Amino acid sequence: MASDISSLLTEGRPSASAANRARRAAETAAFAEAVLDGLARRPRSIPSRFLYDAAGSVLFEEITKLKEYYPTRTETKMLETFGAEIAEHVGDTETLVEFGSGSSRKTSLLIDALPSLDTYIPIDVSEDVLMDAAKRLSGKHPGLTVRPLVGDFTRRRTLIGAPRGDKLGFFSGSTIGNLTHKEAKTFLENAARLLGQGSAFLIGVDLKKSLDVLIPAYDDEDGVTAAFSLNLLSRINRELDGDFDTARFAHVALYNADKGRIEIYLKSLADQKVHVLGRRFTFSTGERIHTENSHKYTVAEFQELAHSSGWRPVTAWIDEDDLFSLHLLQLS
Ligand SMILES: C[S@@+](CC[C@H](N)C(=O)[O-])C[C@H]1O[C@@H](n2cnc3c(N)ncnc32)[C@H](O)[C@@H]1O
């Protein structure tokens, strides 16, 4: 089959079809609602998916190259090392569905390990990075049909144009850790319905570990992670007529041991007033906006979560430094 994305970009085509304009308007409305509600409530909080506009996705790519950020290089090496074993379990799968695919850089390793793959469906809320990745993968893997879907993976209920048959889901980068346990359970239950009986799911999950390793991964010395966090305020300024002074907020990363998660905040460095879409918000010094969680799991904790969501844990791989896990789940 010829490499093909162009005829199938019904949701992701950069040109402004009416459907795409409507989708983008809906995304801006969702952002506005999340920001206005999130800044009005206590504690203040904005969902992490809004960190990933075009600028945020570029900054995330920079984070993945940092010496402090072990997840990407560890998971990449694990896919190289365990690709053949993964293929032994799911080798005849024809359709790969990736949630939160981003740049899809690691995905090429999985695609190389699974020669029967015919169709790749990456799903991401960040349109530019998704479309660039779709084009790159289409060129790199001739014969693979790439069907990118722009949107929120927690809301997707259908896989437009997906072939029939068993599928392999892929959820890398420990993005599942951004969801609370309850949200992760709901996501896994929905993914089971979306992928269908007989399907499998490969999920990268960050492990619990020493804070000496964990904290710098979310607060690097060059300030790239801080720039990624602060971009949320710049995005509000760009898209929602905001007037945040990003120099008057600071990125904070801390570990909440009770909840087993990194929590990211933007902390006000002064008493100040900020406007968004004509609404005024008052911050006192030290007041914080919660922007992201990154839950950490032991292998047993994640397998228990998967099991309670209707998935059967098949196997879990761990890297030699006990940093990261790759879980294979099955629906049977
Ligand atoms: C931590 S990055 C991981 C990217 C890639 N999977 C990797 O491992 O390098 C999270 C990715 O998920 C996307 N994302 C986050 N929340 C999302 C949501 N609710 N729906 C769709 N995509 C989402 C982001 O745009 C970003 O590309």
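Author: This is a predicted model. In it, an oxygen atom of the ligand is 2.7 Å from an N or O atom in the side chain of Lys-106.

Reader: Which ligand atom is 2.8 Å from the side chain of Ser-172?

Author: A nitrogen atom of the ligand is 2.8 Å from an N or O atom of that Ser-172 side chain. For Val-125, a backbone N or O atom lies 3.1 Å from a ligand nitrogen. The protein buries 94% of the 590 Å² that the ligand exposes when taken alone.

Reader: Which residues come nearest to the ligand?

Author: Of the 16 residues around the ligand, these are Gly-100, Lys-106, Asp-124, Asp-152 and Phe-153. By class, the shell consists of four nonpolar, eight polar and four charged residues.

Reader: How do you know that strand 8 and strand 9 pair?

Author: Pairing needs at least two bridges. Eight bridges join strand 8 to strand 9, so the two count as paired, and they run antiparallel. Tyr-255 stands opposite Ile-262 in strand 9.

Reader: Why are strand 1 and strand 8 said to stand at the edges?

Author: The open sheet has four strands in the order 1-12-9-8, with mixed pairing. Strand 1 (44-45) and strand 8 (249-256) each have a single partner strand, so one side of each lacks a neighbour in the sheet.

Technical notes. Residues are numbered from 1 along each chain as its sequence is written. This is a predicted model: local features need pLDDT of at least 70, side-chain atom pairs count only at pLDDT 80 or more; totals for chains, interfaces and linings use all residues. Side-chain values use heavy atoms; hydrogens and water are left out. A residue is near a molecule or strand if one of its heavy atoms lies within 4 Å of it. A polar contact is a pair of N or O atoms within 3.5 Å; within protein, one must be able to donate a hydrogen and the other to accept it, and residues adjacent in sequence count only if both atoms are side-chain atoms. Accessible areas come from the Shrake-Rupley method with a 1.4 Å probe; for residues, only the protein chains shown count as cover. Ala, Val, Leu, Ile, Met, Phe, Trp, Tyr, Cys and Pro count as nonpolar, Asp, Glu, Lys and Arg as charged, and the others, Gly among them, as polar.
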